[in-house]
Amino acid sequence: GSFQLDRPITLPDYTFLDLREARLTAVSGQHSLLTNKDWEGGNHHIAILGGIIDGEGLKPREGEGGHGLYLSRVEELRIEGIEVRNFFGDGIRLTGRGRQTKHSTVENTSVLGNGGYGLNITWAVRNAHVTNVLARQNGEIGVHIDHSEGQYVNILADGNKGHGIYIRNVFGASFSNLTATRNGKVGIYVLGMVHSLGSNWAGHNNSQEKKGDSSDIFFSAREDLSYGITRSSQIVGINAGSYREYGPATEKHALEFESTDPRGSHPNLTLGSVRVGESKFPLSAGIATILEK
């Protein structure tokens with residue numbers, strides 16, 4: 001059935017919430033709709049399965065709140081088969097809040113039309129397994145990955161106003177079958193990817209907010225975060241650049257390094273099997289030195 005809620009659902013340990021035949025709609029308030037009971041000590045063994053979670057009734061405000069799912073320090077967490085849409089904050093936010101929080105699974109999930117990030121996993125989460133996620137038309141980043149030791153497979157970010165997929169300050173992670181199309185800024189933005197692997201990355205017709213401003217795939221030269229600059233990693237299978245099937249060309253480059261000397265700035269980073277599309281400027285300067293022959 002369809003249920004209208006005017007207060008959050010708070011989940012304790014060992015909770016299985018089955019929403020496979022339900023739609024939850026927030027009709028008032030400014031809080032997140034689903035959260036866990038013990039934010040400081042953390043919770044464990046929580047599962048949320050199925051359903052549509054809709055934030056259309058929440059009123060935006062400045063500051064924290066307004067997320068669909070906001071779970072803090074939850075270990076042994078499973079989120080599967082849900083659609084989260086129309087919240088003015090993030091669709092789904094999972095955080096360890098600086099304390100290692102292990103074993104999260106997110107599968108077969110859509111985050112659509114939220115005002116903040118679509119999916120945001122951050123701040124000391126570990127051993128996260130994320131598969132089959134669609135992030136579309138969110139107000140900021142589609143999928144924000146700000147934690148280490150994670151596996152991401154089959155991630156599609158399309159038409160988000162910010163970056164499509166943002167990989168930030170990670171080690172020991174893997175990213176397979178990432179696709180970012182028609183996003184407002186960069187398709188796949190990489191800032192500090194260390195001792196990690198990637199395969200089958202696609203970015204097409206991004207920089208929709210300002211034509212020629214952002215690239216489909218971008219590697220930052222920043223090295224001020226805790227794990228430093230992107231290094232000691234390998235990505236095999238990159239397909240980027242504009243294709244007429246996605247509409248007019250909009251991106252700055254198909255593939256761009258912020259540094260003019262990628263080999264010196266990104267030690268032991270290898271890109272293999274790179275193919276660029278119809279972009280007028282497919283590759284940024286200096287990138288040929290880092291491509292695997």
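Leaving aside neighbours within four places in sequence, Phe-175 is in contact with Ile-145, Tyr-152, Ile-167, Val-170, Met-193, Leu-197, Gly-198, Ser-199 and Trp-201. Contact here means heavy atoms within 4.5 Å. The model is a predicted one, in which local features need pLDDT of at least 70 and side-chain atom pairs count only at pLDDT 80 or more, while totals for chains, interfaces and linings use all residues. Residues are numbered from 1 along each chain as its sequence is written, and side-chain values use heavy atoms, with hydrogens and water left out.

Phe-175 belongs to the largest nonpolar core, which has 59 residues. Together with Ile-48, Ile-167, Trp-201 and Phe-219, Phe-175 touches the most other members of this core. Strand β14 (residues 125-136) gives the most to the core, with five residues. Another core, of eight residues, lies apart from it and includes Tyr-166, Val-186, Tyr-189 and Leu-225. A nonpolar core is a set of buried Ala, Val, Leu, Ile, Met, Phe, Trp, Tyr and Cys residues joined through side-chain atoms within 4.5 Å. Buried means under 20% relative accessible area, exposed means over 50%, and partly exposed lies in between (1.4 Å probe, protein chains only). In soluble globular proteins, nonpolar side chains tend to be buried together.

Now for the chain as a whole. One helix and 24 strands make up its list of elements; helices (H or I, at least four residues) and strands (E, at least two) are DSSP runs, numbered from the N terminus. Of the chain's 293 residues, 55% count as buried. Among contacts between residues at least 6 apart in sequence, 64% join residues at least 24 apart.

An open sheet of ten strands, with parallel pairing, runs in the order β2-β5-β8-β11-β13-β15-β17-β19-β21-β23. At its edges stand β2 (9-11) and β23 (255-257), each with a single partner strand, so one side of each is left without a neighbour in the sheet. From one strand to the next the twist averages 10 degrees, with axes taken as lines fitted to C-alpha atoms (for helices over the stretch in contact) and angles running from 0 to 180 degrees between N-to-C directions. Two strands pair if DSSP finds at least two bridges between them. Within this sheet, β5 (residues 34-36) and β8 (residues 69-72) pair in the parallel sense over two bridges, and Leu-34 stands opposite Leu-69 in β8.

β6 (residues 43-49) and β9 (residues 74-80) pair in the parallel sense over six bridges, and His-44 has Glu-75 in β9 as its bridge partner. β9 is also joined by four bridges to β12 (residues 101-112), and these two run parallel; here Leu-77 has Ser-104 in β12 as its bridge partner. Not counting residues up to four places away in sequence, Thr-105 touches Leu-77, Arg-78, Ile-79 and His-129.

The aromatic residues have their own story. A search of the whole structure finds six aromatic pairs. Rings of Phe, Tyr and Trp (its six-membered ring) pair if their centres lie within 6.5 Å; planes under 30 degrees apart count as stacked, over 60 as edge-to-face and the rest as tilted. The rings of Phe-219 and Phe-257 have centres 4.7 Å apart and planes at 5 degrees, so this pair is stacked. Phe-219 lies in β21 (residues 217-219) and Phe-257 in β23, so the pair ties together parts that are 38 residues apart in sequence. Elsewhere, ring pairs link Tyr-166, Tyr-189 and Phe-218 into a cluster. The charged end of Arg-93 sits over the ring of Tyr-70, 5.0 Å from its centre; for this, NZ of Lys or CZ of Arg must be within 6 Å of the ring centre and within 35 degrees of the ring normal.

Most residues other than glycine have a negative phi. Asn-108, found in β12, has a positive phi near 50 degrees. Gln-137, in the loop between β14 and β15 (143-146), has a positive phi near 55 degrees.

| Residue | Relative accessible area | Class |
|---|---|---|
| Phe-219 | 0% | buried |
| Phe-257 | 3% | buried |
| Thr-105 | 17% | buried |
| Asn-108 | 41% | partly exposed |
| Gln-137 | 56% | exposed |
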